[in-house]
Amino acid sequence: MLAPPPHLRGPCPKITPHLVSALTAADCEVMVEDWGRHDNVESRFEKILGRVQDIFRIHRALRRSRFDVLYVHTSHDWNTVIRDVLLLLATRTTRPPTILQLHGSQPDTLLEPGNRLFKLVSRWLVRATDAVLVLSSEECRQWQTFCPSGRFVMVSNAFRTPQPTERPSAVLVHDHTPDDLPVLLFVGRLIPEKGIFDLLAAFDEVRRIVPCRLVVAGDGDEAGRLTARVRQLDLTGLVALAGHLEGEALARAYREASVLVLPTWWKEGFPTVISEAMGAGLPVVTTRSRGMADHLEEGVNALFVPPRDPAALAATLVALLRDEAARMRMGAANREAVRKFAPEIVVDSYLGVLRAVCGPRVGNLVRPD
């Protein structure tokens, strides 16, 4: 199994240990090797040198031992497609049947006019592998349309709900000062496609109607512009730009929030932050796209808003903040619903793909009774 190093930010380092643990419990032997960025920030030279070193290391590992399958955690953009193609070409004589799991992909781009080179490379990549796993039914349909000869399967990321803790009655967001205002929480990369600027515009309207605060947990290319926009709107006292959070700091942000808001129009699969919010017992406001449409029910787990529509987002947030009973009901429903992502449950779909790809040669891919 090739996956990003565990010290990196992002969903994969959180997901991989759960999947490995579940596969091991199902009587599979799993060897994990680093694949992808070595650090959160890399220069172009470091990227090139690092991927070349990775390819040689993986090639040696494949030559030394007999593996039944090569499983690659990746995504689908120009950078990842190029590195994955080079990996498959370099290991073509040594690698066993190969599975790609795409944590976000762009099959809609492949169905549009143009992008001929990207389509060509993507089609080769699919045909060079034995199965492609995606995180939403929408992606699955689009990939199948693009390359009917490929094998595409929708799976769910494994998620282990942390031990439940008591939700505090006070919200602690600014210098640990208690405040009884409800808190809207955004967790994600600070890029326009995640909807953070739409949320900021909506929040500027919401706070005029329902007193509340906004906590932004994340960093990214637009951090400077977001900070400037907060000052321009005179929201410094109401918006906490917390930067990247992880571990207990992130868990605390979920505990102290009233609603998770992710008005994304990014090419998501199913964002890990949604699972984390569900596990924390939060209602969710997000867009009806991809994995969110597959796993969340309107009014039960989430309220859906159209992408890039701050006015609609503001109206939805005002209604939810005014309805404490609805927030409590949705939060309780999410604590229950998130259990379907438990590693011991989702592993069955992975085992099904492994059996289909490896066939009868892999006797230990039969889950014990």
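Lys267 counts as partly exposed, at 31% relative accessibility. On this scale buried means under 20% relative accessible area, exposed means over 50%, and partly exposed is in between, using a 1.4 Å probe and protein chains only. This is a predicted model, where local features need pLDDT of at least 70 and side-chain atom pairs count only at pLDDT 80 or more, while totals for chains, interfaces and linings use all residues. Residues are numbered from 1 along each chain as its sequence is written, and side-chain values use heavy atoms, with hydrogens and water left out.

Back to Lys267, which has a partner in Asp108. The two form a salt bridge, and their closest N and O atoms are 2.5 Å apart. Lys267 lies in the loop between strand E12 (259-262) and helix H10 (272-279) and Asp108 sits in helix H4, so this pair ties together parts that are 159 residues apart in sequence. Asp108 is buried, at 16% relative accessible area. Helices (H or I, at least four residues) and strands (E, at least two) are DSSP runs, numbered from the N terminus. As for the salt bridge, the term means a side-chain nitrogen of Lys or Arg within 4 Å of a carboxyl oxygen of Asp or Glu.

A search of the whole structure turns up 21 salt bridges. Here are some of them:

| Pair | Closest N to O distance |
|---|---|
| Lys267 and Asp108 | 2.5 Å |
| Glu268 and Lys194 | 2.7 Å |

Elsewhere, salt bridges with shared partners join Glu33, Glu42, Arg51, Asp54 and Arg57 into one network. Arg66, from the table, is exposed, with a relative accessible area of 61%.

Now for a strand. E5 (residues 131-134) is covered on both faces, with Ala131 and Leu133 buried on one side and Val132 and Val134 buried on the other. In a regular strand the side chains alternate between the two faces of the sheet. E5 pairs in the parallel sense with strand E4 (residues 98-102) over three bridges, and pairing takes at least two DSSP bridges between the strands. Ile99 has Ala131 as its bridge partner in E5. E5 also pairs in the parallel sense with strand E6 (residues 152-154), again over three bridges, and Val132 stands opposite Phe152 there. From E5 the chain crosses through helix H6 (residues 137-146) to E6, and this β-α-β crossover is right-handed (with the strands pointing away from the viewer, the path from the first strand over the helix to the second runs clockwise).

Trp78, Ile82, Leu86, Leu89, Leu117, Leu120 and Trp124 form a nonpolar patch with about 660 Å² of accessible area together. Patch members have over 30% relative accessible area and no salt bridge; like charges are joined within 9 Å, and nonpolar side chains (Val, Leu, Ile, Met, Phe, Trp, Tyr) within 5 Å. The areas come from the Shrake-Rupley method with a 1.4 Å probe, and for residues only the protein chains shown count as cover. Helix H3 (78-90) gives the most, with four residues. Leu86 is partly exposed at 45%, and Ile82 is partly exposed at 42%.
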